[in-house]
Amino acid sequence: MSSRVEIVSPEGLRVDGRRPLELRRVLTRIGVLSQADGSAYVEQGNTKVLAAVYGPREPVKRSGVQHDRAHMNVTYSLSSFSSGERRQRARKDRRLLEIGSQIKRTLESVVTVTAYPRSEIDVYLQVLQTDGGGLHAAINAATLALIDAGIPMTDYVCACSAGWVNNQAILDLNYLEEAADVPTLTVGLLPKSGKITMISLESRLHVDKLEAVINLASDGCHQLKEVLDDAVRESTKKLAKTILQ
């Protein structure tokens, strides 16, 4: 594939200085919002996402009550200042609703919703700054926020993207790479079982390249699981110290 933007240089470096198989720097914080039952902040490269979880709690609308499980709501939004466009996005933006629905299905594969019948769990995800990979950063932030809320889960759900350019797979695409029409695939994975719970493909990718891209994105998920696990362990240590004081 050719592009006016040189995605990978002859020296094997990408536009931000990374190697093709290298993740962006990841920073995480848990328990950042005191008013939420659970919250987390994830920064992956220059993409920054804030997640807040409220519940399990009594449903606001009786029509949403499920007698044998909790009803989960996921709201995904972009701050008006999250990109250089500086335009106000409608709250009912169809694309944002689709992403929210996609994340909801992914989270429902690990959250033990049957533990909380006749209740609801609300997950709010706000992209504060976008530089590519907003979907997978949001899923990772939601995982940490749900853990912070003490909601039982069968596994982490970790997500990462990969693409194909210059006859090779590249990991964790940034905005310039996505904007250059590099075929981008996002994978949601359960690290314990290796089960893939979500695949999102933004543009056409030849079937011969699909396996290599999925495998690389899955490898990125496993790397991110270690990052998320370290964040949870660190948060637990701080909580234990607070309790013991």
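**Close-up views of a predicted model**

With a relative accessibility of 0%, Asp172 is classed as buried. The legends below describe a predicted model.

**View 1. Asp172 and Arg18 are joined by a salt bridge.** The N-to-O distance between the two side chains is 4.0 Å. Asp172 belongs to the loop between strand S7 (168–171) and helix H3 (175–179), whereas Arg18 belongs to the segment before strand S1 (26–30); the pair therefore ties together parts that are 154 residues apart in sequence. Arg18 has a relative accessible area of 5% and is buried.

**View 2. Glu177 also forms a salt bridge with Arg18.** The closest N and O atoms of this pair are 3.8 Å apart. Because Glu177 lies in helix H3 and Arg18 in the segment before S1, the contact ties together parts that are 159 residues apart in sequence. Both Glu177 and Arg18 are buried.

**View 3. Asp68 and Arg69 form a salt bridge through their side chains.** The N-to-O distance is 3.7 Å. Asp68 is partly exposed, with a relative accessible area of 46%. Arg69 is likewise partly exposed, at 32%.

**View 4. One network of salt bridges joins Arg14, Asp16, Arg18, Arg24, Asp172 and Glu177.** In general, side chains of opposite charge can pair when their charged atoms come close.

**View 5. Helix H2 spans residues 134–148.** This helix has 15 residues and reaches 21 Å from its first C-alpha to its last, close to the 21 Å expected at 1.5 Å a residue. Of the 15 residues of H2, 13 are buried, so the helix is largely enclosed by the rest of the structure. Gly150 follows H2 and has a positive phi, near 75°.

**View 6. Thr236 is located in helix H4 (residues 207–244).** Thr236 is partly exposed, with a relative accessible area of 46%. The C-alpha atoms of Thr236 and Ala145 are 13 Å apart in space, and the two residues are 91 residues apart in sequence.

Note on methods:
Residues are numbered from 1 along each chain as its sequence is written. This is a predicted model: local features need pLDDT of at least 70, side-chain atom pairs count only at pLDDT 80 or more; totals for chains, interfaces and linings use all residues. Side-chain values use heavy atoms; hydrogens and water are left out. Helices (H or I, at least four residues) and strands (E, at least two) are DSSP runs, numbered from the N terminus. The expected span of a helix is 1.5 Å times one less than its number of residues. Buried means under 20% relative accessible area, exposed over 50%, partly exposed in between (1.4 Å probe, protein chains only).
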